[in-house]
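I opened my notebook to go through this structure piece by piece.

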Amino acid sequence: MKTRRGVMMAGLLLAGVLGGTLPLCGQDDLLTVREAVWRSWFANDTNALARLVPPDTIVISSGEVAWKHQAEVFKSAAEFQAAGGKLIRLEFPRTEVQRFGDVAIVWSSYLVETETKGKRSISSGRVTEIFVRRDGQWTNPGWHTDAEKQ
């Protein structure tokens, strides 16, 4: 049992490092799921996003007047990919987690490096993310980002 679980966890971590889609059934690694949400958005992995970002999602992003919901999150991921965007680097230099049963709040600083049409750009800031455990898996129904001035 311990060996099987160890192999499964190693596989999940490796998949996360390589940017793969993570199976979420029965796994409780909140920060792995958090990273999967970000990587799925940058990869426009609509299957993973549908599992991770539920219909009742609310997003507030730095520099944007309108709030987003699931459809707008999916649309922005598709637009990023359609423009030729790709994720180069994703880091969370500082993270703190507050867990309240099936709800967790993840407070982080982030750094994202992307490339679009041969041009690289770096953005960084803070993010507050809400996670809710539904049907045995973590979902991410809300977040708020603020960006540092570059």
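This is a predicted model: local features need pLDDT of at least 70, side-chain atom pairs count only at pLDDT 80 or more; totals for chains, interfaces and linings use all residues.

**Strands and sheet**

Strand E3 (residues 103-116) and strand E4 (residues 119-134) run antiparallel, joined by 14 bridges. I picked out Trp107 and found that its bridge partner in E4 is Thr128.

Next I looked up the whole sheet. It is open, with five strands in the order E1-E5-E4-E3-E2, and the pairing is mixed. I noted strand E1 (58-60) and strand E2 (86-100) as the edge strands, each pairing on one side only.

Which strands does helix H2 touch? I found that H2 (residues 30-43) packs on the sheet and touches E2, E3, E4 and strand E5 (137-147). The direction of H2 makes about 145 degrees with that of E2.

**Rings**

I searched the whole structure for aromatic pairs and got five. In one, the ring centres of Trp41 and Phe80 are 5.3 Å apart; their planes are at 35 degrees, so I logged the pair as tilted. Trp41 is in helix H2 and Phe80 is in helix H4 (residues 70-82), 39 residues apart.

Phe80 also pairs with Phe42. This pair is edge-to-face, with 5.3 Å between centres and 75 degrees between planes. Phe42 lies in H2 and Phe80 in H4, so the pair ties together parts 38 residues apart in sequence.

Last, I traced a cluster: ring pairs link Trp38, Phe92 and Tyr110. The charged end of Arg34 sits over the Phe92 ring, 3.6 Å from its centre.

How values were computed:
Residues are numbered from 1 along each chain as its sequence is written. Side-chain values use heavy atoms; hydrogens and water are left out. Two strands pair if DSSP finds at least two bridges between them. Helices (H or I, at least four residues) and strands (E, at least two) are DSSP runs, numbered from the N terminus. Contact means heavy atoms within 4.5 Å. Axes are lines fitted to C-alpha atoms, for helices over the stretch in contact, and angles run from 0 to 180 degrees between N-to-C directions. Rings of Phe, Tyr and Trp (its six-membered ring) pair if their centres lie within 6.5 Å; planes under 30 degrees apart count as stacked, over 60 as edge-to-face and the rest as tilted. A charge sits over a ring if NZ of Lys or CZ of Arg is within 6 Å of the ring centre and within 35 degrees of the ring normal.
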